[in-house]
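Here is a friendly briefing to read alongside the model in your viewer. Have the sequence open too, and follow the points one topic at a time.

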Amino acid sequence: MSHGQGFFDGANTIVETFAEGVENGLMAVPAWAHIALAVGIGFWRLGWRFALFVLASLLTIVITGFWSQTVVTFALTITATFISLVVGVPLGIACARSNWFNRVLRPFLDFMQTMPAFVYLIPAAMVFGLGRVPGIMATVVFAMPPVVRLTSLGIRQVNVEQIEAGHAFGCTGSQLLFKVQLPIALSTIMTGVNQTIMMALSMVIIASMVGAGGLGNDVLSSIQRLDVGLGFESGLAVVLLAIILDRITESFGTRTQSESSS
């Protein structure tokens with residue numbers, strides 16, 4: 001493991017610092033502020049019925065005593081999703097612009113999506129040890145393929161006429177990408193972001209096996225102790241968090257698609 005030790009140590013430090021900053025920042029905000037913000041976003045994106053659901057869901061998490069674990073899980077999900085998007089969106093753009101690169105990358109994406117999630121924890125723990133970082137890195141590998149595929153798909157589905165119109169107006173390659181292709185493909189890309197968030201959340205729970213923390217610890221403890229009550233309550237917190245994240249992120253893609261079609 002001495003080969004590339006400096007690189008992995010540096011990556012470990014960067015990811016750990018970023019994840020710790022996200023977690024500390026979220027933990028510093030009181031629960032009522034989190035709830036108010038989530039309810040406000042839910043009302044803005046999906047109306048008062050969903051806002052009431054968000055309020056009831058988050059109050060349920062607070063009452064059952066899983067608020068701090070839920071915030072830790074949310075922080076891990078944000079960190080893994082951010083890294084997945086930073087790496088995945090450029091890869092998706094490269095796949096859309098180069099058939100050769102797309103053919104080379106596709107088998108790796110297939111491998112990443114079909115490999116059982118637990119398997120990713122083994123090399124991550126071997127390289128980064130135990131704790132948040134191996135859980136986050138395993139989550140990134142598991143959750144990144146959807147945003148790569150759907151970014152590439154969205155750009156490839158842009159009409160040829162729209163691209164030709166961009167060329168006719170004198171767009172350069174970068175202008176064509178950022179002013180024509182990406183805005184038109186945004187609804188498809190947001191679908192990829194939504195799927196990446198959902199896969200990251202599911203993998204973060206599994207990553208408790210290598211010490212990532214959060215609600216996964218409670219789920220794992222309930223399995224080890226055969227505690228049905230703990231398993232139900234912690235699992236319910238995961239489900240409620242997943243529904244809130246899914247509906248809100250999905251609404252961005254739906255609204256974007258309706259606005260572009262109108």
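Trp32 is exposed, because its relative accessible area of 65% is over the 50% cut-off. This tryptophan belongs to helix α2, which covers residues 31-46. Please keep in mind that the model is predicted.

- Trp32 and Leu59 are 27 residues apart along the chain, and 9.3 Å separates their C-alpha atoms.
- Leu226 sits in the loop that runs between α11 (215-225) and α12 (228-261).
- The phi angle of Leu226 is near 55°, which is a positive value in a residue other than glycine.
- Leu226 has a relative accessibility of 72%, so this leucine counts as exposed.

- Side chains of opposite charge can pair when their charged atoms come close.
- The count of salt bridges in this model comes to five.
- One of them joins the side chains of Glu16 and Arg132, with an N to O distance of 2.5 Å.
- That pair links distant parts of the chain, since Glu16 lies in helix α1 (residues 5-28) and Arg132 in helix α7 (residues 132-143), 116 residues apart.
- Arg132 also forms a salt bridge with Glu23, where the closest N and O atoms are 2.8 Å apart.
- This second pair again links distant parts of the chain, with Arg132 in helix α7 and Glu23 in helix α1, 109 residues apart.
- Taken together, Glu16, Glu23 and Arg132 are linked in a network of salt bridges.
- Is Arg132 buried or exposed? With a relative accessible area of 16%, Arg132 is buried, because buried means under 20%.
- Glu23 counts as buried as well, at 15% relative accessibility.
- Glu16, by contrast, is partly exposed, with a relative accessible area of 25%.

**The α1 and α7 contact**

- From α1, the contact is made by Asn12, Val15, Glu16, Ala19, Glu20 and Glu23, and from α7 by Arg132, Val133, Ile136 and Met137.
- The residues of this contact of α1 with α7 divide into five nonpolar, one polar and four charged.

- Arg149 and Asp110 form a salt bridge, their closest N and O atoms being 2.3 Å apart.
- The pair connects distant parts of the chain: Arg149 is in helix α8 (residues 145-156) and Asp110 in helix α5 (residues 99-114), 39 residues apart.
- Arg149 counts as partly exposed at 27% relative accessibility.
- Asp110 is partly exposed too, with a relative accessible area of 35%.

**The α8 and α10 contact**

- At what angle do the axes of α8 and α10 cross? They cross at roughly 155° and come within 7 Å.
- Angles over 145 degrees count as roughly antiparallel, and α8 and α10 are therefore roughly antiparallel to each other.
- The crossing of α8 with α10 is right-handed.
- Residues of α8 in the contact include Pro146, Val147, Leu150 and Ile155, and among those they meet in α10 are Leu177, Leu182, Ala185, Ile189, Val193 and Met199.
- The contact of α8 with α10 divides into ten nonpolar, eight polar and no charged residues.

**The α9 and α10 contact**

- Helix α9 (residues 160-168) and helix α10 (residues 173-206) have axes that come within 10 Å and cross at roughly 160°.
- That angle is over 145 degrees, so α9 and α10 are roughly antiparallel to each other.
- α9 and α10 make a right-handed crossing.
- Gln162, Ile163, Gly166 and His167 in α9 meet Leu176, Val180, Gln181 and Ile184 in α10.
- The residues of the α9 and α10 contact are four nonpolar, four polar and no charged.

Conventions:
Residues are numbered from 1 along each chain as its sequence is written. This is a predicted model: local features need pLDDT of at least 70, side-chain atom pairs count only at pLDDT 80 or more; totals for chains, interfaces and linings use all residues. Side-chain values use heavy atoms; hydrogens and water are left out. Axes are lines fitted to C-alpha atoms, for helices over the stretch in contact, and angles run from 0 to 180 degrees between N-to-C directions. Helices (H or I, at least four residues) and strands (E, at least two) are DSSP runs, numbered from the N terminus. Angles under 35 degrees count as roughly parallel, over 145 as roughly antiparallel, 65 to 115 as roughly perpendicular and the rest as oblique. A crossing is left-handed if the near helix is turned anticlockwise from the far one by less than a right angle, and right-handed if clockwise. Contact means heavy atoms within 4.5 Å. Ala, Val, Leu, Ile, Met, Phe, Trp, Tyr, Cys and Pro count as nonpolar, Asp, Glu, Lys and Arg as charged, and the others, Gly among them, as polar. Buried means under 20% relative accessible area, exposed over 50%, partly exposed in between (1.4 Å probe, protein chains only). A salt bridge is a side-chain nitrogen of Lys or Arg within 4 Å of a carboxyl oxygen of Asp or Glu.
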